Amino acid sequence: MSEPIVWLTIFVLSVFVGVEVISKVSSTLHTPLMSGANAIHGVILVGAILVTGFTDSTGALVVGLVAIVLATINMVGGFVVTDRMLQMFGGRKRQEPKA
Amino acid sequence: MTPTWAQLCYLAAAVCFILALKGLSSPKTARNGNLIGAIGAVLACVTVFFAVELEHELSILVAIAVGTVIGVVGARRVQMTQMPQLVALFNGVGGGAAALVALLELQEATSGAGDVPTFDLVATAFTILVGAVSFSGSMVTFAKLQELMTTRPVTFPGLPVAFALAALCGLGLSVLLVLDPVMWVGVVLGFAGLLLGVLLVLPVGGADVPIVISLLNAFTGLTVAAGGYVLGNTLLLVAGTLVGASGTFLTKMMASAMGRSLVNTLFGALKGGSTLGAGEASDRPVRSAGPADVAILLAYANRVIIVPGYGLAVAQAQHTLRELVDELMAKGITVDYAIHPVAGRMPGHMNVLLAEAQVPYEQLKEMGDINGEFKQADVVLVVGANDVVNPAAKTTPGAPIFGMPILNADEAKQVIFMKRSMRPGFAGIENELLFDPKTTLLFGDAKDTMSKLLSAVKSL
C-alpha cells in the first residue's frame, strides 16, 4: 500500500468514527459538544510546536510563536470553558433526557 | 523520524479524543469526556517535546504559557451568557493557528531543494484558505454576538458578486500555489481567505449565527486534518477529521432543530429571503399590566408554563425566576419550563443557564414534550423570549424564521410577556402574539420586575 492510500484510509475511517460517536446526542448537549470538539482541534498546537521547533529564520520563529499562542488559547480555553458549562449539569440527581 | 513510542502516544491521544466526543454526547458522562479529551491533548503536547529534538524550546514554552493564561482567564471570566461568542473566538484562533502552521510549512518546503509532492501542496493550500476563512468568519460572528456590530443580516448590492469573486480568487490562488509553490502566493491566498470568511458570515442573521459557529468549527477541524497530512502527523489527521466530521453532523442537527437547511442559513439573505425584518419598535396598541395584576393571574392558575429566553439571562433574573416558580409550586400550581432547542443564543444554552440557577433538571421540558400541553395551560409566562414563540414562523412565509419549530404559546388561555421594550427579538421581526387580545405585557427590566412579581405573589 502506498503512503497516500494509508492516509486516505485513516481519514475515511475517522470520518465514520466522528459521525458515529456523536449520532445520539440530545439537543441539550449541543453547545458543550461543540465547545469540546472546538477544544480538540486545538491540538494543532502540536503542529505549531513542530514547525516552530524546526525553523531557523527569525521571521518564521515569530510567526510560529504567534501560532503557538493562538493554538494554546484554543485548546486550553476550550477545555476549561466546556468544563465550566458541564459543571452546572453535574452534581444533582436527574434523568436522562430524550433526544 | 518520529520514534515508535511517540507514535503510540499519539495513538493513545487519538483514542482519548474519540472517547471524549463519545462522553460529551451523554449528560452523565459529559464532564468526564471533556476531561479525557484534555488528558489526550496534554499527552500529545508532552510527547512532541520528547519525541524530536526541538530548537527554541524556551520561547515555545513561554508562548504556551502565555496562551494558557489567556485561555484560562478568558474561559473563567466570561459570563455564561457570553459563552457562545467565546467559543467562536476560540474556534477562530484555532483556524488562524492552522493557517499559520501551513504557511510556515510552505516556507520550509519551498526553501529546500527538490520538488514538493502535489498532494502536500493541495493540503497546504486547503489549510491556508479554509483556516483563514474560519479565522475571519469567527471574528465576525464574535462581533455579531457581542453586539459590536448589528446582529441582523448585512447585505449590500453586489455582495453575491463579491462573494463569488473572492471564492474564485481563493480557488485560483490555490491552483497557482499547487502549480508554482512560492511564498507570496501562499500569503495572498491567506488574505483571500480572510476576505472570503467575512463575506461568508456578514449576510447571516441573528438566530442563524450559532449554526455558522458550528460550521466554522467543522472547517477548522478539517484544516487541522489537512495540516496533519502536510506535517506527516497522524494525530492531527485523526483529531482534525473527527472534529470535521462530527462538527458537520452537529451543524446539520442544529440546523434541523431550527427547521432550517444549511444552504438557507448561509445564503438565505442573499436571495432576499430575510428582508422582512423591521428592526424597529412598533407603536401599535398593546395591553400592559403591572406586577400585581400579573401576580393574580399566576396565583389563580392551575397550570403555568414558563418560556425563558435570552433576555432572562442577560438580566441575570434566572435565580429570581426559580424562586417565583418555587413559590407558585408551593401554592399547588403545576409549573414547567418550556425550553426551545435554540433558547438563548445556542442550542442547549438555556439549559446551561437555568442549571446555573439550580433549576431542577426534571422541570426543564424539551419542545417536543411540552408543545401538546400549551392548550391546557392557563398562563404562559414568556420571560425575555420572543422569536421562539413568534407565530410568524408558522404563518408568514418569507419571514426569516419561517419554518422554525416554535413553542405553541399562542394556544394557551393567557399569555404574559415580560419585556424591556417593544423591540423585536434577535431575528429582528415583529411578533403578532404581542398584539393578541389574550396577551398581557409586563414592561421593565426582567430582574427588577421579577422581584416585584415575586413579592406580589408572596403577599397573595
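This passage describes the two chains of the structure, their contact, and selected local features. The model is predicted.

Chain A is built from helices: it has four helices and zero strands. Along the sequence, the pattern reads α-α-α-α. Chain A has 99 residues, and 59% of them count as buried. Its contacts were also sorted by sequence separation. Among pairs at least 6 apart in sequence, 65% of the contacts in chain A join residues at least 24 apart.

The contact between the chains involves 76 residues of chain A and 92 residues of chain B. On the chain A side, the elements that give two or more residues are helix H1 (3–21), helix H2 (30–40), helix H3 (44–53) and helix H4 (58–87). H4(A) gives the most, with 27 residues. By class, the chain A side that touches chain B holds 46 nonpolar, 24 polar and six charged residues.

Chain B contains 17 helices and six strands. Its radius of gyration is 25 Å, close to the 23 Å that the globule rule gives for 460 residues, so chain B is as compact as a globular protein of that length. The C-alpha trace of chain B spans about 85 × 50 × 35 Å along its principal axes. Buried residues account for 55% of the 460 residues of chain B. Of the contacts in chain B with a separation of 6 or more, 80% come from residues 24 or more positions apart.

Chain B is divided into two parts, domain 1 (4–267) and domain 2 (291–458). The centres of these domains of chain B, taken over C-alpha atoms, are separated by 36 Å. Domain 1 of chain B brings 15 residues to the contact between them, and domain 2 of chain B brings 20 residues. The domain 1 side of this contact in chain B comprises eight nonpolar, five polar and two charged residues.

Strand S1 (residues 303–308) of chain B pairs with strand S2 (residues 334–339) of chain B in the parallel sense, over four bridges. Within this pairing, Thr334(B) in S2(B) is the bridge partner of Arg303(B). S2(B) also runs parallel to strand S3 (residues 364–366) of chain B, and three bridges join the two. Here Lys365(B), in S3(B), is the bridge partner of Ala338(B). From S2(B), the chain passes through helix H14 (residues 349–356) of chain B to reach S3(B), and this β-α-β crossover is right-handed.

Gly131(B) is a residue of helix H5 (residues 118–145) of chain B. There are 33 other C-beta atoms within 10 Å of Gly131(B); the cut-off for burial is 20 or more, so this glycine is buried. Ala97(B) lies 34 residues from Gly131(B) in sequence, yet the C-alpha atoms of the two are 7.7 Å apart in space. Beyond its neighbours within four places in sequence, Gly131(B) is in contact with Gly95(B), Gly96(B), Ala98(B), Ala99(B), Ala102(B), Gly193(B) and Thr223(B).

Two glutamines of chain B stand out for their backbone angles. Gln316(B) has phi near 55°, a positive value in a residue other than glycine. Gln316(B) sits in the loop between helix H12 (310–314) and helix H13 (318–330) of chain B. With 16 C-beta neighbours inside 10 Å, Gln316(B) falls between the limits of 12 and 20, and therefore counts as partly exposed.

For Gln358(B), phi is near 60°, again a positive value in a residue other than glycine. Gln358(B) is placed in the loop between H14 and S3 of chain B. Gln358(B) has 12 other C-beta atoms within 10 Å; a residue with 12 or fewer is exposed, so Gln358(B) is exposed.

Terms used. Residues are numbered from 1 along each chain as its sequence is written. Chains are lettered from A and ligands numbered from 1 in the order in which they are written. This is a predicted model: local features need pLDDT of at least 70, side-chain atom pairs count only at pLDDT 80 or more; totals for chains, interfaces and linings use all residues. Two residues are in contact if their C-beta atoms, placed from the backbone, lie within 7 Å. Ala, Val, Leu, Ile, Met, Phe, Trp, Tyr, Cys and Pro count as nonpolar, Asp, Glu, Lys and Arg as charged, and the others, Gly among them, as polar. The radius of gyration is taken over C-alpha atoms; the globule rule is 2.2 Å times the number of residues to the power 0.38. Domain bounds come from an automatic or database domain assignment. Two strands pair if DSSP finds at least two bridges between them. A crossover is right-handed if, with the strands pointing away from the viewer, the path from the first strand over the helix to the second runs clockwise.
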